[in-house]
Amino acid sequence: MESFPIESLPTAGDIHMACFTAVKNAPDLKEKLQNQDKSLTFAIVESNLIMDVFQLLLAATKAAHDNEAGKLATQTISSEIIYNLSPSKNIAESLKRFGITEDTTSMIAIKIGGNPDAIMEEMSKTVEGNLVSFSKLDQEKDMSKLRQYYKIDPKVTEDKDILNWIVGAIAMKNVQ
């Protein structure tokens, strides 16, 4: 698990993220999410739609700020993180695209605030899979879905340029 401070909002606590592969209990986790089970206290994201950790940090930081301001578009900070990953303002579409499915085998768990050791223990007990380094993201990404969801120009081919496109799409979502 990796932890990152939110320097612009230190009272929110750190952003904690863990990447899991070979996940065996995605159907159970999906059911918990659909039932809004309060025992699931972190966001779970499809890892194949994540180009870089920065994408997650942007979404989580925005969620923390919106939570602090009392302006969440969704019901929880966890669902807000997933919603913020999407360039779409449609909440249901965002959660469907970036949340997990019953067939998910690779995912990222994200939580804002709390004790890192307790969070790691909770994530490891909840997600039945192998904890791996975020360097595995390069092997996991689904470029065709990323291009489709973020409407990335086919001429854009360099990873850094694709990430810039994604970050721009996320940042511009709520600009009128």
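Phe 54, Gln 55 and Leu 58 of helix 2 meet Ile 166, Val 167 and Ile 170 of helix 8. Contact here means heavy atoms within 4.5 Å. By class, this contact has five nonpolar residues, one polar and no charged. Ala, Val, Leu, Ile, Met, Phe, Trp, Tyr, Cys and Pro count as nonpolar, Asp, Glu, Lys and Arg as charged, and the others, Gly among them, as polar.

The model is predicted: local features need pLDDT of at least 70, side-chain atom pairs count only at pLDDT 80 or more, and totals for chains, interfaces and linings use all residues. Residues are numbered from 1 along each chain as its sequence is written, and side-chain values use heavy atoms, with hydrogens and water left out.

Helices (H or I, at least four residues) and strands (E, at least two) are DSSP runs, numbered from the N terminus. Axes are lines fitted to C-alpha atoms, for helices over the stretch in contact, and angles run from 0 to 180 degrees between N-to-C directions. Angles under 35 degrees count as roughly parallel, over 145 as roughly antiparallel, 65 to 115 as roughly perpendicular and the rest as oblique.

Helix 3 and helix 4 (residues 91-98) pack another way. Their axes lie 8 Å apart, at an angle of about 90°. The two are therefore roughly perpendicular. Ser 79, Ile 82, Tyr 83 and Leu 85 of helix 3 make the contact with Ile 91, Ser 94, Leu 95 and Phe 98 of helix 4. Six of these residues are nonpolar, two polar and none charged.

Now turn to strand 4 (residues 107-112). Six of its six residues are buried, so the strand is largely enclosed by the rest of the structure. Buried means under 20% relative accessible area, exposed over 50%, and partly exposed in between (1.4 Å probe, protein chains only). In a regular strand the side chains alternate between the two faces of the sheet. Here both faces are covered: Met 107, Ala 109 and Lys 111 are buried on one side, and Ile 108, Ile 110 and Ile 112 on the other.

Strand 4 has partners. Strand 2 (residues 15-21) pairs with it in the antiparallel sense over six bridges. Two strands pair if DSSP finds at least two bridges between them. His 16 has Lys 111 as its bridge partner. Strand 3 (residues 43-46) also runs antiparallel to strand 4, joined by four bridges. There, Glu 46 stands opposite Met 107.

The largest nonpolar core has 38 residues, and Met 17, Ile 108, Ile 110 and Tyr 150 have the most contacts inside it. Such a core is a set of buried Ala, Val, Leu, Ile, Met, Phe, Trp, Tyr and Cys residues joined through side-chain atoms within 4.5 Å. Helix 2 gives the most to this core, with seven residues. Another core, of 15 residues, lies apart from it and includes Leu 40, Ile 119, Met 120 and Met 123.

Thr 126 sits in helix 5 (residues 116-126). At 16% relative accessibility, Thr 126 counts as buried. Beyond residues up to four places away in sequence, Thr 126 touches Asn 25, Leu 29, Leu 40 and Phe 42.

Lys 151 lies in the loop between helix 7 and helix 8. Its relative accessible area is 65%, so Lys 151 is exposed. Its phi is near 50°, a positive value in a residue other than glycine.
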